[in-house]
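Please look at the sequence and the three-dimensional view before reading on. The briefing below is meant to be read beside them.

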Amino acid sequence: MAAIRRMDDHFFPIVQLSCTLQDDDEAMFNVVGGNSRFALFHQMGDWRYSDPAGSDEDVRLWTSDQGYFCAERNILTNIEKVLRITKTYYETGSYADLDAVL
């Protein structure tokens with residue numbers, strides 16, 4: 001949780017969480033962004049945080065290197081909600097229960 005709280009959108013823009021010891025775990029949970037703006041998603045799957053009230057406008061969350069772009073509806077600004085969703089993934093190792101946490 002400390003790594004997510006420390007995130008910024010330039011020097012520390014990404015946290016990846018795996019529930020296995022494999023570096024190439026396809027179920028890896030991704031948190032991208034920082035400075036109170038985060039995108040949460042499954043790299044190799046269909047799950048992605050989405051706010052139905054948000055727009056389709058592209059937003060850049062990661063400002064260094066190649067960056068990261070997503071739709072505005074995929075941005076979460078509540079750090080406590082980010083931590084709650086991340087904790088649920090960590091405890092279950094599953095994306096199935098994440099929508100219930102939203």
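The model shown is predicted. Its secondary structure consists of three helices and five strands, arranged from the N terminus in the order α-β-β-β-β-β-α-α.

**Overall dimensions and burial**

- For 102 residues, a compact globule would have a radius of gyration near 13 Å, and the protein agrees with this because its own value is 13 Å.
- The C-alpha trace extends about 30 × 30 × 25 Å along the principal axes.
- Of the 102 residues, 43% count as buried.
- Among contacts with a separation of 6 or more, 48% are between residues 24 or more positions apart.

**Surface and charge**

- The protein exposes about 6100 Å², of which carbon and sulfur atoms supply 48%.

- Strand β1 covers residues 14-17.
- In a regular strand, the side chains alternate between the two faces of the sheet.
- In β1, Val15 and Leu17 make up the covered face, whereas Ile14 and Gln16 make up the uncovered one.
- Strand β2, residues 29-34, runs antiparallel to β1, and four bridges join the two.
- Within this pairing, Leu17 has Phe29 of β2 as its bridge partner.

- Strand β3 spans residues 37-42 and is mostly covered, with five of its six residues buried.
- Six bridges connect β2 and β3, which also pair in the antiparallel sense.
- Gly34 is found opposite Arg37 of β3.
- Two residues separate β2 from β3 in this hairpin, and Asn35 in the turn has a positive phi of about 55 degrees.

**Glu26 in the loop**

- Glu26 lies in the loop between β1 and β2.
- Is Glu26 buried or exposed? Residues with over 50% relative accessible area count as exposed; Glu26 has 54%, so Glu26 is exposed.
- Leaving aside residues up to four places away in sequence, Glu26 touches His42 and Met44.
- Between Glu26 and Thr88 there are 62 positions in sequence and 18 Å in space, taken from C-alpha to C-alpha.

Notes. Residues numbered from 1 in each chain as written. Predicted model: local features only at pLDDT ≥ 70, side-chain atom pairs only at ≥ 80, totals over all residues. Heavy atoms only, no water. Rg over C-alpha atoms; globule rule 2.2 N^0.38 Å. Buried < 20%, exposed > 50% of the residue type's maximum accessible area, 1.4 Å probe, protein only. Contact = heavy atoms within 4.5 Å. Areas by Shrake-Rupley, 256 points an atom, 1.4 Å probe, with all protein chains shown as cover. Pairing = 2+ DSSP bridges.
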